[in-house]
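Q: I've got a fold on my screen and I'd like to learn how to read it. Could you walk me through a few features?

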Amino acid sequence: MRKEEIIGLFDSFNKKKVLIVGDAMIDAYMWGKIERQSPEAPVPVVEIEKHENRLGGAGNVARNIKSLGATPILCAVVGDDFRGKHLKQLLKEEALSTVGILIEKSRKTTVKTRVISEDKHQLRIDEEDTFPIKVEQEFLELVYSNMEDVDVIILQDYNKGVLTPFVIKNIIKKANTLNIPTIVDPKTKNFLAYKNCDIFKPNLKEIKTGCNISFDENNMSEIKSATKDLLQMIKAKGILLTLSEKGVCMQTADNFTHINAEKRNIIDVSGAGDTVISTSALCLASNVDFVSLSQFANLAGGLVCQRVGVVPIEKTELLKNAISYFTN
């Protein structure tokens, strides 16, 4: 791609409206320093210096979409608890809409608390409910009501219960009827339920567990075979498989492409998948070819891994790197 085309593409993101459906949560952080071991057990003592709460899960995807200049609409189910209220407050603080947030009584809002010292995770504490939502039909109608003028739909699954087989099937069916492209970031529980989506984005662990297969991760021909089989199973247009430090690969009906990761100082991989799906979604909405889409997504995922914690991509930084990548 030429420099002018890339700049034009990034400018076009500002006109896109993206519907994100899935598991929203709070990413809580406790930042501190370690200077001694506990006398009570063989563990370090972290002296906490700062607390921070951020939008996580599908909420972080919304942050990425906004950071890239587009308009995100988040549809999620949270608990009738103070953390659910806090999640809505975090959305408001980020100037994000709360119209797609449905409250379910007797449900716990997911909170992931990360203890960080010396730029490294020392511990993560999860508080959550993972049973399927009980308000499927009500939630589905809420999603439908937010589909107007949407350019792409992201289904963001963290196995927390929002994306049930019933919800998945009906959203994709409705989206296909309305000619809205769909892109999926799956987890293993309902892995094969996402039939007829446009792009399906698993990682290596997810494709192995979700398809109940085994293959050599260092053998590209075996990866190609696995992604081709998955493409046929779920009738997707493309499988975007993330390979961690080995980059990504894209499988379509008539092409397989492996894209190597750029060499970077990787600090924290948390949230990289959220950035990859967000960048891919906007490229999909902009009719970017699938190989170029994979290249943009690969660049974006690598860039956020250079920062601590779950953070959205910086649009200007991605644009600069994309111009350098495609024009050199």
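Predicted model: local features only at pLDDT ≥ 70, side-chain atom pairs only at ≥ 80, totals over all residues.

Q: How many residues does the largest nonpolar core have, and which have the most contacts inside it?

A: A nonpolar core is a set of buried nonpolar residues joined through their side-chain atoms. Here the largest one has 52 residues, and Ile-20 and Ile-154 have the most contacts within it. Helix α8, residues 272-285, is the top contributor, giving 7 residues. Apart from that core there's another, made of 44 residues, including Ile-172, Cys-197, Phe-200 and Leu-230.

Q: Which residues is Ile-154 in contact with, leaving aside its neighbours within four places in sequence?

A: Val-18, Leu-19, Ile-20 and Val-21 are among them, and so are Val-61, Ile-65 and Ile-183. Ile-154 also contacts Ile-277, Ser-278 and Ala-281.

Q: Now the serine: is Ser-292 buried or exposed?

A: The cut-off for buried is under 20% relative accessible area. Ser-292 has 8% relative accessibility, so this residue counts as buried. You'll find Ser-292 in helix α9, residues 290-304. Not counting residues up to four places away in sequence, Ser-292 touches Met-1 and Phe-326.

Q: And the hairpin: how many residues join β12 to β13?

A: In a regular strand, side chains alternate between the two faces of the sheet. In this model, the hairpin connects β12 to β13 through 4 residues. Strand β12 (residues 248-251) and strand β13 (residues 256-259) run antiparallel, joined by 4 bridges. Look across from Met-250 and you'll see Thr-257 of β13 standing opposite.

Key:
Residues numbered from 1 in each chain as written. Heavy atoms only, no water. Core = buried A, V, L, I, M, F, W, Y, C linked by side-chain atoms within 4.5 Å. Buried < 20%, exposed > 50% of the residue type's maximum accessible area, 1.4 Å probe, protein only. Helix = DSSP H or I, 4+ residues; strand = E, 2+ residues; numbered from the N terminus. Contact = heavy atoms within 4.5 Å. Pairing = 2+ DSSP bridges.
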